[in-house]
Amino acid sequence: MMSLIISVMLPLTLLCAAILLLHKPLLARLGAHNTYTLWVAVPLLLAGTVIGQFIPARQTNQSLYQLQHFRVQASEFLSQSHYATLNMTLGYLWLLGSLTLLGILLYQAIRLRQVVAQAQGLELPKALLSFMQLAESTPKASVGIKCHPQIDSAMLAGLLKPVILVPMDFKQLTQSQQASVLDHELKHLARHDIAANLLDYLLVSLFWFNPVCWLAYRRFRDDQEIACDAEVTRHMDKQQRIAYSQTLLAYSQQAHLGMLHTHYGNKTILKERIMQLKKTHSKRPLAILGLALTLGLSGALINQSAVAGDKHHDEAKAPSPIMRVEPAYPAEAAEKRIEGYVQLQFDIDKQGKVSNVTIIKSYPGKMFDDEAMKALSQWRYESSKTGVTNAKVQLDFMMSAPKAEIERVRVTAG
């Protein structure tokens, strides 16, 4: 899992950083609707990259003919690689962070369910009900409206059973202000924004250690609110937009970005939202979706090129073992001070496990074969995209290590 996370990190970071850095000109040129839609490129990039990870696995495993040499001494044992411990520690740390964020999500879901259960139903005037029935693309019958004393600003809550929660003083607003607030939350519902928020939070939970992902997630949520504002005020005149901005001011709070609810009065971007109300935002969903798809596929192709380059580079070098089990030096050979070697051939799967161990050559005949095969079968190598076939290794059984000042030259026939 960690190898997959690392492989998609570079294209994901580059894409999010590009959108963040270019956000201001993108918003000015594309408008709120199209800028918000552009964030679809992120899950498309991840999907394309993940699918691409499995493409090399369908290819024939690479064969390796380079022979590695390892010393086996009768008086000492080789220690396991410290990289195995480091990788395991990092893996547990990543898992702990992801589980913590998922635990926070579960807590929020339970707390939100309690608030909805305690909220009181709200009766709306007939004129406001008529307005809601005329709202475009809204599943009216499935939405309830409730008020709760702990709610400071209107919000759409719930994934499966959505409810609009409003403060206790909601009725103090004028009917036009009430209508604009409810229309804003209904736009969230029509766009399936809660599901989008949940998906994005799950992605952030996987990449929690990357600050760019957190910045992108917050910008995505801000763009979501600006896009809904643009949708609500699309047919409003100047005076109506001023009234809408006054409602934003009245309901402005320091909003917590819950994954299972939206928040109407987000104080952190209040100025930006009011400034965007002065503009007319066009819609070009097909064009922007095409651009998002292009960005996603481009990132996936870049990652695939990097993987292909790594694969080509790996073919030139032997795989590195991350854990070696020291063969036992046969007692008979140690007593007679016999030295020798065993050449073995084996396969390595994608997870780094060794299989199909066979003896190529050994000296003296069969003296060290059993111990060499038994130990090599327990070795673990670095994981790879395709695994390795026909890897070769030579285990040199020696009574003691040669002196450092003595030069050793291996001479082979042919």
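Which residues of helix 14 (residues 369-376) are buried? They are D369, A372, A375 and L376, where buried means under 20% relative accessible area with a 1.4 Å probe and protein chains only. Helices here are DSSP runs of H or I with at least four residues, strands are runs of E with at least two, and both are numbered from the N terminus.

Before going on, note that this is a predicted model, in which local features need pLDDT of at least 70, side-chain atom pairs count only at pLDDT 80 or more, and totals for chains, interfaces and linings use all residues. Residues are numbered from 1 along each chain as its sequence is written, and side-chain values use heavy atoms, leaving out hydrogens and water.

Look down the axis of helix 14: its buried residues fall within an arc of 145 degrees, so they line one face of the helix. That arc is taken from the directions from the helix axis to the C-beta atoms. The buried residues of helix 14 pack against strand 8 (340-348), strand 9 (354-363) and strand 11 (388-398), with contact meaning heavy atoms within 4.5 Å. On the face turned away from the buried side sit D370 and K374, both exposed (over 50% relative accessible area).

A cavity is a set of points on a 1 Å grid over the protein atoms alone where a 1.4 Å probe fits but cannot get out, and its lining residues have an atom within 4 Å of a point. The largest cavity is lined by 13 residues, with V42, D200, L203, V204 and C213 nearest its centre. Helix 9 gives the most to this lining, with four residues.

Key:
On a 1 Å grid over the protein atoms alone, a cavity is a set of points where a 1.4 Å probe fits but cannot get out, and a pocket is an open set with protein on both sides within 12 Å along at least five of seven lines; lining residues have an atom within 4 Å of a point.
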